Amino acid sequence: MNKKQKLALEIIERLKKEYPHSGCTLDYNEAWKLLVSVRLAAQCTDARVNVVVKGLFEKYPGVNELAAADAEDIERIVKPCGLGHSKARDISACMKKLRDEYGGQVPEDFDALLKLPGVGRKSANLIMGDVFGKPAIVTDTHCIRLVNRMGLVDGIKEPAKVERELWKIIPPEEGSDFCHRLVDHGRAVCTARTAPFCDKCCLRDVCARKI
């Protein structure tokens, strides 16, 4: 076990104690709803998405209904999330593909998820981890910022490269929950818009930033 693997295990255990109930902050009860919500969450807060999708899912309660909806109507509903035109276009195309090729079900396959309109690696990993309980690493902005500060990766900002490096040091069964805890820690302590609150950080004695 190398130095970074040991550091990763220590960080994982400390974050487990600090944030024992971390999880996805997007509200959903079906896989396709999470697929819609995660597309809307781009450059938008999860809290706002959770409000907006209530109206969307009330009007279009299933994959078939949303697939049959006019993209313009979807856009009117999701506009508060920003980038309404492109998000509505992707959601419409994605639901049509689920309806026509997967019987209305979200595929339990990473490569198949990546072929859905509007789905990138971050979204596919979220679905794999949260919906299907498979190994996953979601490299969102919190993850990228924190793992660089902690010294788990060295000055890497590209999401796919960060993901690749983390797969080398994070046990597969820990990846999904670890990334959720990074979000909680990034919001509460290791913040982006202010100086991080290192004095109250549970990782302050092992984090590379202390040097």
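Helices here are DSSP runs of H or I with at least four residues, strands are E runs of at least two, and both are numbered from the N terminus. The model is predicted, so I kept to its limits: local features need pLDDT of at least 70, side-chain atom pairs count only at pLDDT 80 or more, and totals for chains, interfaces and linings use all residues. Residues are numbered from 1 along each chain, and side-chain values use heavy atoms, without hydrogens and water.

Entry: the helix pair.
I looked up α2 (residues 31–40) against α6 (residues 84–101) and got an angle of about 160 degrees, with the axes 10 Å apart. That makes the two roughly antiparallel (over 145 degrees). From α2, the contact (heavy atoms within 4.5 Å) takes Trp32, Leu35, Val36, Arg39 and Leu40. From α6 come Ser86, Lys87, Asp90, Ile91, Cys94, Met95 and Leu98. I get 8 nonpolar, 1 polar and 3 charged residues in this contact.

Entry: the cavity.
I found 1 cavity of 30 Å³ or more. A cavity is a set of points on a 1 Å grid where a 1.4 Å probe fits but cannot get out, and lining residues have an atom within 4 Å of a point. The largest cavity comes to about 50 Å³. Its lining is Leu35, Val36, Arg39, Asp90, Ile91, Cys94, Met95, Pro117, Gly118 and Val119. Two or more lining residues come from each of α2 and α6, and α6 gives the most, with 4. I noted the lining as 7 nonpolar, 1 polar and 2 charged.

Conventions
Axes are lines fitted to C-alpha atoms, for helices over the stretch in contact, and angles run from 0 to 180 degrees between N-to-C directions. Angles under 35 degrees count as roughly parallel, over 145 as roughly antiparallel, 65 to 115 as roughly perpendicular and the rest as oblique. Ala, Val, Leu, Ile, Met, Phe, Trp, Tyr, Cys and Pro count as nonpolar, Asp, Glu, Lys and Arg as charged, and the others, Gly among them, as polar. On a 1 Å grid over the protein atoms alone, a cavity is a set of points where a 1.4 Å probe fits but cannot get out, and a pocket is an open set with protein on both sides within 12 Å along at least five of seven lines; lining residues have an atom within 4 Å of a point. Grid points are joined across faces, edges and corners, and a volume is the space filled by probe spheres set on the points.
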